[in-house]
Amino acid sequence: MSDILRIDEAKKHYRNRRGETVPALDGVSLRLGAGEMRFVVGASGSGKSTLLLCAGGLLRPDSGSVAVAGEDLYALSSEERAQRRSRRIGFVFQQFHLVPYLDVVDNILAPSLAGYEGDPRPRAEELLERFGLGHRRDHPPSELSVGERQRVALARALLQRPQLLLADEPTGNLDAANGAKVMECLEEFAREGGAVMVVTHDPAHATNDALRLEGGRLAE
Ligand SMILES: Nc1ncnc2c1ncn2[C@@H]1O[C@H](COP(=O)(O)OP(=O)(O)OP(=O)(O)O)[C@@H](O)[C@H]1O
Ligand SMILES: [Mg+2]
């Protein structure tokens with residue numbers, strides 16, 4: 001089976017304002033196949049968010065490679081990379097990053113501004129129904145519950161039918177019931193053949209097959 005995500009020996013360090021080098025990823029390799037969902041766990045500062053940003057084409061590693069659907073993301077031009085990001089990769093963050101002045105349906109449709117094959121509206125309506133947001137379609141995010149906001153963010157991430165979904169603590173701001181709902185949505189995406197990588201602090205997810213980061217290295 002071909003990998004949706006393949007990371008080979010990714011290294012990344014940041015430079016802080018004092019000019020010091022801060023290591024964040026120290027040679028991480030992993031593969032994620034279609035239909036697979038993996039949790040990423042580790043202490044604060046262990047490199048989890050950095051890993052997700054590198055995996056999603058948002059942060060170029062200093063060395064190593066990241067391939068999505070067999071294509072080396074950082075060998076592409078920045079325009080091509082942006083195009084692959086918008087078509088193949090969905091992001092969900094702990095802070096939902098919704099557009100405050102757009103109502104729910106337009107937030108979900110926002111990724112289609114970067115291009116969409118055909119009419120994105122039926123897809124948006126389907127996601128509204130699936131995530132139980134139909135009755136909120138014309139409301140701005142400020143009028144939604146926190147759980148609803150995260151479901152809008154998830155629907156938006158799925159608009160383009162990505163192959164890879166990257167979620168950075170998607171349940172961090174949710175209560176247990178809403179967190180469980182969001183996890184169910186991620187699992188469903190994987191069951192339908194997507195690949196999912198989820199950063200979590202929930203010890204319940206620190207299962208055997210979780211990817212455990214320690215100081216920028218994977219300790220499996
Ligand atoms: N923009 C930045 N500039 C400098 N250092 C950074 C930057 N972003 C992250 N770091 C450092 O890189 C390391 C890894 O950070 P990262 O955000 O990936 O950790 P994390 O595992 O996601 O932590 P958390 O659980 O707190 O979100 C940390 O030491 C962090 O301080
Ligand atoms: Mg983080």
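A residue is called buried when its relative accessible area is under 20%, exposed when that area is over 50%, and partly exposed in between, with a 1.4 Å probe and protein chains only as cover. At 7% relative accessibility, arginine 123 therefore counts as buried. The structure is a predicted model, in which local features need pLDDT of at least 70, side-chain atom pairs count only at pLDDT 80 or more, and totals for chains, interfaces and linings use all residues. Residues are numbered from 1 along each chain as its sequence is written, chains are lettered from A and ligands numbered from 1 in the order in which they are written, and side-chain values use heavy atoms, with hydrogens and water left out.

The overall form is considered next. The protein has six helices and ten strands. Helices (H or I, at least four residues) and strands (E, at least two) are DSSP runs, numbered from the N terminus. The C-alpha trace spans about 50 × 45 × 40 Å along its principal axes. The radius of gyration, taken over C-alpha atoms, is compared with a globule rule of 2.2 Å times the number of residues to the power 0.38. For 220 residues, a compact globule would have a value near 17 Å; the protein has 17 Å, so the two agree. Of the 220 residues, 47% count as buried. A contact means heavy atoms within 4.5 Å. Among contacts between residues at least 6 apart in sequence, 69% join residues at least 24 apart. Accessible areas come from the Shrake-Rupley method with a 1.4 Å probe, and for residues only the protein chains shown count as cover. The protein exposes about 10600 Å². Carbon and sulfur atoms supply 48% of that area.

Ligand 1 has 13 residues around it. A residue is near a molecule or strand if one of its heavy atoms lies within 4 Å of it. Ser44, Gly45, Lys48, Ser49 and Thr50 come nearest to ligand 1. By class, the shell holds four nonpolar, seven polar and two charged residues. Here Ala, Val, Leu, Ile, Met, Phe, Trp, Tyr, Cys and Pro count as nonpolar, Asp, Glu, Lys and Arg as charged, and the others, Gly among them, as polar. Strand S2 (21-33) and helix H1 (48-55) each supply at least two residues of the shell. H1 gives the most, with three residues.

Polar contacts are pairs of N or O atoms within 3.5 Å; within protein, one atom must be able to donate a hydrogen and the other to accept it, and residues adjacent in sequence count only if both atoms are side-chain atoms. A backbone N or O atom of glycine 45 lies 2.8 Å from an oxygen atom of ligand 1. For glycine 47, a backbone N or O atom lies 3.1 Å from a ligand 1 oxygen. Threonine 50 places a polar side-chain atom 2.5 Å from an oxygen atom of ligand 1. The protein covers 63% of the 630 Å² of accessible area that ligand 1 has on its own.

Threonine 50 is part of helix H1. Six of the eight residues of H1 are buried, so this helix is largely enclosed by the rest of the structure. The six are Lys48, Thr50, Leu51, Leu52, Cys54 and Ala55. Threonine 50 counts as buried because its relative accessibility is 8%. Not counting residues up to four places away in sequence, threonine 50 touches Lys12, Tyr14, Ala24, Leu25 and Leu59. Threonine 50 and tyrosine 74 are 24 residues apart in sequence and 15 Å apart in space, C-alpha to C-alpha. Just after H1, glycine 57 takes a positive phi of about 80°.

Helix H2 (residues 78-88) has Arg81, Arg84 and Ser86 buried. Their cover includes strand S5 (71-72) and strand S6 (89-93). Arginine 81 counts as buried at 11% relative accessibility. Leaving out residues up to four places away in sequence, arginine 81 touches Gly57, Arg60, Leu73, Tyr74 and Leu76. The side chain of arginine 81 reaches the backbone oxygen of leucine 73 at 3.3 Å, and that of leucine 76 at 3.1 Å. Arginine 81 and glycine 56 are 25 residues apart in sequence and 9.5 Å apart in space, C-alpha to C-alpha. Arginine 123 lies in helix H4 (residues 121-130). Arginine 123 touches Tyr116, Arg130, Leu158, Leu159 and Arg161, again not counting residues up to four places away in sequence.
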